[in-house]
Amino acid sequence: MTADNNLLEHNPPDKAAACMILLHGLGASGDDLFPLANELGGLRVVCPNAPIRAVTLNGGWKMRAWYDIRGLNLEDRQDVQGVEKSQASIENLLAAEKARGFAANKIFLAGFSQGAAMAVYTGLRHVETLAGVIALSGYLLFGDALAGEATVANRETPIFQAHGAYDTVVLPPWAQSCHQQLSTGGWPVEYREYPMAHAIIPAELADLNRWLKKQIAVIE
């Protein structure tokens with residue numbers, strides 16, 4: 001493991017078959033998701049930290065967040081300036097992994113909750129074809145703009161989407177709506193629901209690893 005103030009990095013003992021940039025949720029940090037690196041065999045895993053900012057929903061308290069959330073509704077998460085600023089930051093991470101020697105089609109962009117929303121938003125707008133996009137307990141940002149803003153390069157990028165049937169933080173209908181819009185738009189989405197709340201469980205990781213092996217077999 002290597003680390004700096006804004007990044008945790010895991011490299012497998014052997015040469016990494018691919019790389020994953022894994023984005024945490026609201027109020028968390030890269031440390032929260034970093035233990036998953038050991039569950040994702042054969043991958044280089046990078047867990048960045050979102051910037052610290054005031055979050056309106058939480059009374060203006062400052063915490064790590066990819067963008068501001070103003071209220072409880074899905075529409076209250078449409079912070080254009082915050083999303084675009086974090087998109088630029090994630091694009092820098094993608095560029096850094098390419099400079100390390102990972103072609104774009106060997107990089108997975110993944111996230112949990114708010115990080116999942118950013119993974120979908122950024123991944124489908126990236127100018128080069130990615131290996132895949134992974135959204136764990138996430139939702140779709142600016143869905144009305146996706147058709148016009150998604151790049152040709154990522155029009156067929158495979159997506160793994162997982163959600164908890166008992167999630168009271170990111171409501172299941174939000175995830176289902178995301179799945180429906182992506183599927184209708186032509187993206188190959190594998191969508192799974194689990195008997196869980198706003199969490200990550202072993203069965204979900206097992207399905208994710210199976211999906212990852214399938215995608216890595218295509219790009220190797």
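Guide: Buried here means under 20% relative accessible area, exposed over 50%, and partly exposed in between (1.4 Å probe, protein chains only). The model is predicted, so local features need pLDDT of at least 70 and side-chain atom pairs pLDDT 80 or more, while totals for chains, interfaces and linings use all residues. Residues are numbered from 1 along each chain as its sequence is written, and side-chain values use heavy atoms, leaving out hydrogens and water.

Visitor: Is R44 buried or exposed?

Guide: R44 belongs to strand β4, residues 43-48 (strands are DSSP E runs of at least two residues, numbered from the N terminus). Its relative accessibility is 2%, so R44 counts as buried.

Visitor: Which side chain does R44 join through a polar contact?

Guide: Contacts (heavy atoms within 4.5 Å) of R44, leaving aside neighbours within four places in sequence, include E9, H10, R100 and F102. A polar contact is a pair of N or O atoms within 3.5 Å, within protein one able to donate a hydrogen and the other to accept it, and residues adjacent in sequence count only if both atoms are side-chain atoms. At 2.7 Å, such a contact joins the side chain of R44 to that of E97.

Visitor: How far apart are the C-alpha atoms of R44 and E9?

Guide: E9 is also in contact with R44. The two residues are 35 residues apart along the chain, and their C-alpha atoms are separated by 7.4 Å.

Visitor: What is the relative accessible area of C178?

Guide: C47 has a value of 1% and is buried. C178 is buried as well, and its relative accessible area is 2%.

Visitor: Which strands each supply at least two residues of the lining of the largest cavity?

Guide: A cavity is a set of points on a 1 Å grid over the protein atoms alone where a 1.4 Å probe fits but cannot get out, and lining residues have an atom within 4 Å of a point. The largest cavity holds about 30 Å³ of space, and its lining is M20, L22, L36, L40, A110, I134, L136 and L208. The strands that each supply at least two of the lining residues are β3 (18-23) and β8 (132-136).

Conventions: Helices (H or I, at least four residues) and strands (E, at least two) are DSSP runs, numbered from the N terminus. On a 1 Å grid over the protein atoms alone, a cavity is a set of points where a 1.4 Å probe fits but cannot get out, and a pocket is an open set with protein on both sides within 12 Å along at least five of seven lines; lining residues have an atom within 4 Å of a point. Grid points are joined across faces, edges and corners, and a volume is the space filled by probe spheres set on the points.
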